[in-house]
Amino acid sequence: MSELIQALYEEHENISRFLDKVQQLCLDLMERDVFDPAAFREAIRFIREYADKEHHQKEERLLFQAMTDELGGVAVNLIQHGMLVEHDQARLFVADLEQAVNGYEADRSPAHKLAILANAASYRALLRRHIEKENNAIYPFAQRSLKPETLAALDQSFRKEQLAKQG
């Protein structure tokens, strides 16, 4: 299996574990009225820095670009009208979540609380489905359909990025 694709699967495992924590934050707020703004801000930071900047950007720059370049119409449809739209939806949920957290911290109104729960739950549900699609359809399709030399070039680019981060 491609090193890049294997790394993306592993990142999905990390994101999935994180999504369980988001659910617990929401349950604490909903059931016990426990609001931890620092924990929500840490969740937002994780999403932006890891799930989006590290993971989604890697998909977009490397794998998805190679797929649309090499595989044409089917890949363009899957990526541009599916995966990229979902990445943008996730970013919107996070921006709205941040606004709701800030609002609830200033004014503990039911409307702000609802906005926190709605956006966090929507993000979580979207990412669960998104990960399932990528793990079970997109990544296997890429592994199966991209030329071996394309996969090798992707792995080389991935290794180069990893080394640049370390040094």
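Is tyrosine 9 buried or exposed? Tyrosine 9 is buried, with a relative accessible area of 17%; here buried means under 20%, exposed means over 50%, and partly exposed is in between, using a 1.4 Å probe and protein chains only. Here are some notes to read alongside the structure.

1. **What you are looking at.** This is a predicted model, in which local features need pLDDT of at least 70, side-chain atom pairs count only at pLDDT 80 or more, and totals for chains, interfaces and linings use all residues. Residues are numbered from 1 along each chain as its sequence is written, and side-chain values use heavy atoms, with hydrogens and water left out.

2. **The overall picture.** The protein chain has five helices and zero strands. Both kinds of element are DSSP runs numbered from the N terminus: helices are H or I with at least four residues, and strands are E with at least two. Along its principal axes, the C-alpha trace spans about 55 × 35 × 20 Å. Of the 167 residues, 43% count as buried. Now take contacts, meaning heavy atoms within 4.5 Å: among those between residues at least 6 apart in sequence, 82% join residues at least 24 apart.

3. **Helix H1 and its two ends.** H1 has 30 residues and reaches 43 Å from its first C-alpha to its last, close to the 44 Å expected. The expected span is 1.5 Å times one less than the number of residues. At the start of H1, a side-chain oxygen of serine 2 comes to within 3.2 Å of the backbone nitrogen of leucine 4. Aspartate 33 sits in the loop between H1 and H2 and counts as partly exposed, at 45% relative accessibility.

4. **Helix H4 and its bend.** The 36 residues of H4 should span 52 Å, and its end C-alpha atoms are 50 Å apart, which agrees. H4 also bends by about 45° at glutamate 134; the bend is the angle between axes fitted to the seven residues ending at a residue and the seven starting there. Leaving aside neighbours within four places in sequence, proline 140 is in contact with Tyr9, Glu134 and Asn135.

5. **Back to tyrosine 9, and its partner.** The structure holds five aromatic pairs. Rings of Phe, Tyr and Trp (its six-membered ring) pair if their centres lie within 6.5 Å; planes under 30 degrees apart count as stacked, over 60 as edge-to-face, and the rest as tilted. The rings of tyrosine 9 and tyrosine 139 have centres 5.1 Å apart and planes at 90°, so this pair is edge-to-face. Tyrosine 9 lies in H1 (residues 3-32) and tyrosine 139 in H4 (residues 110-145), so the pair ties together parts that are 130 residues apart in sequence. Tyrosine 139 is buried as well, at 0% relative accessibility. Elsewhere, Phe18, Phe46 and Tyr50 form one aromatic cluster.

6. **The nonpolar cores.** A nonpolar core is a set of buried Ala, Val, Leu, Ile, Met, Phe, Trp, Tyr and Cys residues joined through side-chain atoms within 4.5 Å. In the largest core, of 27 residues, Phe18, Phe40, Ile116, Tyr123 and Leu127 touch the most other members. H1, H2 (37-71), H3 (73-106) and H4 each supply at least two residues of this core. Apart from it lies another core, of 21 residues, among them Tyr9, Leu62, Tyr139 and Leu151. In soluble globular proteins, nonpolar side chains tend to be buried together.

7. Histidine 130 is found in H4 and is buried, with a relative accessible area of 2%. A polar contact of 3.1 Å joins the side chains of histidine 130 and histidine 87. Such a contact is a pair of N or O atoms within 3.5 Å; within protein, one must be able to donate a hydrogen and the other to accept it, and residues adjacent in sequence count only if both atoms are side-chain atoms. Glutamate 86 has its place in H3 and is buried, at 10%.
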